[in-house]
Amino acid sequence: MLLPLPPLAGLQETIKFLLPRIAEVTGAEEVIICLDAPNTADRYAVGYRAGEFYDPHAVQHARNGLVFIPLRAGGWLALYETKKPFDQRVLEQYCSQALENAVKYESIQRQSMVDVLTGLPNRFALYRKLDEETKRLCRFCVLFMDLNGFKQINDTYGHLMGDDVLKKAAEEIRSVLRVSDFLARYGGDEFVAVLSETTREKGELVASRIRSRAVKVEDISVSVSVGLAVYPEDGLTPKDLIGRADSRMYMDKEKNRGVTG
């Protein structure tokens with residue numbers, strides 16, 4: 001029983017690659033894979049029957065001739081009414097290897113989009129989010145933020161204290177935003193928020209709240225400069241929106257000339 005390993009992809013894509021091939025090799029009328037996603041509460045469960053994928057939780061499936069195979073990768077494989085001989089051990093190894101590869105792939109993808117220091121999405125993830133928002137063709141706001149006086153903090157107190165300030169800034173800004181809003185660390189002491197389905201007036205209100213909240217770590221207090229751009233009035237592309245919000249952030253910073261970073 002020779003089966004090709006799927007190309008590197010996420011769990012859902014990998015499961016959908018496996019199911020029809022397992023059905024073909026075993027002659028099963030119905031195949032289900034259920035897998036608990038690592039480090040989350042998610043459970044991936046996909047069924048395959050009569051050439052179509054389905055949600056096994058929502059559809060009544062066959063009950064006769066069950067072959068149940070626990071998977072080393074976690075979860076299980078269920079086959080109904082198999083018509084061809086097959087080696088369960090080999091099939092389990094094949095499925096587990098493919099699923100473990102998918103788990104590693106998803107882990108690497110997540111790590112590549114997360115800022116290690118703050119735990120926020122990074123610049124790569126931000127531009128992906130902006131691409132998604134512009135394709136929706138709905139008004140949204142972009143807030144570009146910069147910590148005032150951050151360079152002096154690094155020079156005076158050291159970079160470890162600077163790291164603590166950055167982590168605290170991420171917490172303070174996040175506390176002002178809605179759960180549905182997106183916050184990323186752009187780089188250095190710069191942060192960007194994406195406020196979906198938000199008018200300019202509401203975006204300005206959020207920006208004002210952020211400016212009014214000082215970032216405090218021990219005896220250090222830092223304010224935040226904020227620039228706002230609105231899609232589509234201020235730009236149609238992620239690059240244009242970031243550029244406009246960035247320039248307005250520097251205009252805001254000019255108002256606080258004594259504490260610029």
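## Helices H1 and H2

H1 passes H2 in a right-handed crossing; a crossing is right-handed if the near helix is turned clockwise from the far one by less than a right angle, and left-handed if anticlockwise. The model is predicted, so local features need pLDDT of at least 70 and side-chain atom pairs count only at pLDDT 80 or more, while totals for chains, interfaces and linings use all residues. Residues are numbered from 1 along each chain as its sequence is written, and side-chain values use heavy atoms, with hydrogens and water left out. Helices (H or I, at least four residues) and strands (E, at least two) are DSSP runs, numbered from the N terminus.

Helix H1 covers residues 11-26 and helix H2 residues 88-112; the two pack at an angle of about 165°, with their axes 9 Å apart. That angle makes H1 roughly antiparallel to H2, on a scale where angles under 35 degrees count as roughly parallel, over 145 as roughly antiparallel, 65 to 115 as roughly perpendicular and the rest as oblique. Axes are lines fitted to C-alpha atoms, for helices over the stretch in contact, and angles run from 0 to 180 degrees between N-to-C directions. From H1, the contact (heavy atoms within 4.5 Å) is made by Leu11, Thr14, Ile15, Phe17, Leu18, Arg21, Ile22 and Thr26. From H2, Leu91, Tyr94, Cys95, Ala98, Leu99, Ala102, Val103 and Glu106 take part. These contact residues of H1 and H2 divide into 12 nonpolar, 2 polar and 2 charged. Here Ala, Val, Leu, Ile, Met, Phe, Trp, Tyr, Cys and Pro count as nonpolar, Asp, Glu, Lys and Arg as charged, and the others, Gly among them, as polar.

H2 has 25 residues, and its first and last C-alpha atoms are 36 Å apart, close to the 36 Å expected at 1.5 Å a residue. The expected span of a helix is 1.5 Å times one less than its number of residues.

The buried residues of H2 are Leu91, Glu92, Tyr94, Cys95, Ser96, Ala98, Leu99, Ala102 and Glu106. Buried means under 20% relative accessible area, exposed over 50%, and partly exposed in between (1.4 Å probe, protein chains only). The cover over the buried residues of H2 includes H1 and the strands E1 (30-36), E2 (43-49), E4 (66-70) and E5 (76-80).

## Helices H4 and H5

Helix H4 (residues 150-157) and H5 have axes that come within 7 Å and cross at roughly 140°. Phe150, Ile153, Asn154 and Tyr157 of H4 meet His159, Met161, Gly162, Val165 and Leu166 of H5. The residues of this contact divide into 6 nonpolar, 3 polar and no charged.

Helix H5 has 18 residues (159-176), which should span 26 Å at 1.5 Å a residue; its end C-alpha atoms are 26 Å apart, in agreement. Buried in H5 are Met161, Gly162, Val165, Leu166, Ala169, Ala170, Glu172, Ile173 and Val176.

## Backbone exceptions

Most residues other than glycine have a negative phi, and most peptide bonds are trans. Leucine 137, in the loop between helix H3 (123-136) and strand E6 (140-147), has a positive phi near 60°. Leucine 137 counts as exposed because its relative accessibility is 66%. Glutamate 197 has a positive phi near 45° and is found in the loop between strand E8 (190-196) and helix H6 (200-212). At 56% relative accessibility, glutamate 197 also counts as exposed.

The peptide bond from tyrosine 231 to proline 232 is cis, with omega near 5°. Proline 232 sits in the loop between strand E11 (224-231) and helix H7 (238-254).

## Selected positions around E8 and H6

Threonine 199 is in the loop between E8 and H6 and is partly exposed, at 34% relative accessibility. Leaving aside its neighbours within four places in sequence, threonine 199 is in contact with Arg139 and Cys141. Alanine 207, in helix H6, is buried with a relative accessible area of 0%. Apart from its neighbours within four places in sequence, alanine 207 is in contact with Leu143 and Val226. Alanine 207 and valine 224 are 17 residues apart in sequence, with C-alpha atoms 9.5 Å apart.

Glycine 188 lies in the loop between strand E7 (182-187) and E8, and at 42% relative accessible area glycine 188 is partly exposed. Glycine 188 and lysine 151 are 37 residues apart in sequence and 9.9 Å apart in space, C-alpha to C-alpha.
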